[in-house]
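Work through each task before reading its solution.

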Amino acid sequence: MRIDVISLFPEFIAQCAAFGVVGRAGERGLLSMQGWNPRDYAEGNYRRVDDRPFGGGPGMVMLIDPLRACLRAAREADPAPARVVYLSPQGAPLTQAKVRELAGRERLILLCGRYEGIDERLIQAEVDEELSIGDYVLSGGELAAAVVVDAVARLREGVLGDAESAVQDSFEDGLLDCPHYTRPVEHELGAVPPVLMSGNHAEIARWRRKQALGRTWLRRPDLIDEAALSKADRKLLDAFRAELNG
Ligand SMILES: CN(C)c1cccc(CNc2ccc(C(N)=O)cn2)c1
């Protein structure tokens, strides 16, 4: 998979892609990344990349032409078609389902805005989809792009070893994850739930599913559509609630 990132701080993204599973994916040729700086495509002595907003108001807006030339250079760097994604607070929420969809593509171009964003005409002409990593404003789209790179890279085949398998990921089935425990069995902070040491894999899977359903219902009721739950899941959630009420 190839990801090109357009940013006034391309070294920022290079650093984010240098560590952990994403760094390893790069070393193993599962992911190639390149940064592009619109300033390298800006004309004139001052190589301007932004200017004041028409209609007045605070802040600056990123100019069309440096971004457009930069985007063209990035597209032409590889024959494969690319999906152009713009990170902004005005984008559609990034969800695991969207991450899975993006991870299925061969090329992404991530567009990082600074200041108050990008001239709308460039967005309309060149951007395939606008995404937001959450309802808050950052000083630039680079951190949001780094989030997309990480979430997408770890779903690519071969990136995660068995040890870090993404299969049981929470959100993979729209639920939060169950609690996890490791050594020691007994600790001043408490003990490990006995079922997890029972070796009874059916019981363990049942306990984990019940915990995932229960925690989702308690913490993120917006993710639970009880009507859409299977009969088995509804029974597990009822059991969780019954235990909760003691
Ligand atoms: C209107 N405005 C301030 C603005 C517009 C576009 C980009 C940026 C760059 N900052 C970002 C980018 C993304 C996110 C996110 N939530 O994904 C948060 N902040 C700011």
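**Exercise 1.** State how many salt bridges the structure holds, and describe the one between Lys-98 and Glu-101.

*Solution.* 
1. This predicted model contains 20 salt bridges.
2. In the pair Lys-98 and Glu-101, the N to O distance is 3.1 Å.
3. Both residues belong to helix α4, which covers residues 96–103, and they sit 3 residues apart, so about one helical turn separates them.
4. Buried means under 20% relative accessible area. Lys-98 has 17% and is therefore buried, while Glu-101, at 35%, is partly exposed.
5. Lys-98 and Glu-101 also take part in a network of salt bridges with Arg-83, Arg-105 and Glu-129.

**Exercise 2.** Which parts of the chain are tied together by the pair Glu-106 and Arg-156?

*Solution.* 
1. The closest N and O atoms of Glu-106 and Arg-156 are 2.9 Å apart, and the two form a salt bridge.
2. Glu-106 is in the loop between α4 and β6, and Arg-156 is in the loop between α6 and β8, so the bridge joins parts 50 residues apart in sequence.
3. Glu-106 is partly exposed at 46% relative accessibility, whereas Arg-156 is buried at 17%.

**Exercise 3.** Are Arg-114 and Glu-142 buried or exposed, and where do they lie?

*Solution.* 
1. A salt bridge links Arg-114 to Glu-142, with 2.9 Å between the closest N and O atoms.
2. Arg-114 lies in the loop between β6 and α5, and Glu-142 in helix α6, so parts 28 residues apart in sequence are tied together.
3. Both residues, Arg-114 and Glu-142, are buried.

Terms used. Residues are numbered from 1 along each chain as its sequence is written. This is a predicted model: local features need pLDDT of at least 70, side-chain atom pairs count only at pLDDT 80 or more; totals for chains, interfaces and linings use all residues. Side-chain values use heavy atoms; hydrogens and water are left out. A salt bridge is a side-chain nitrogen of Lys or Arg within 4 Å of a carboxyl oxygen of Asp or Glu. Helices (H or I, at least four residues) and strands (E, at least two) are DSSP runs, numbered from the N terminus. Buried means under 20% relative accessible area, exposed over 50%, partly exposed in between (1.4 Å probe, protein chains only).
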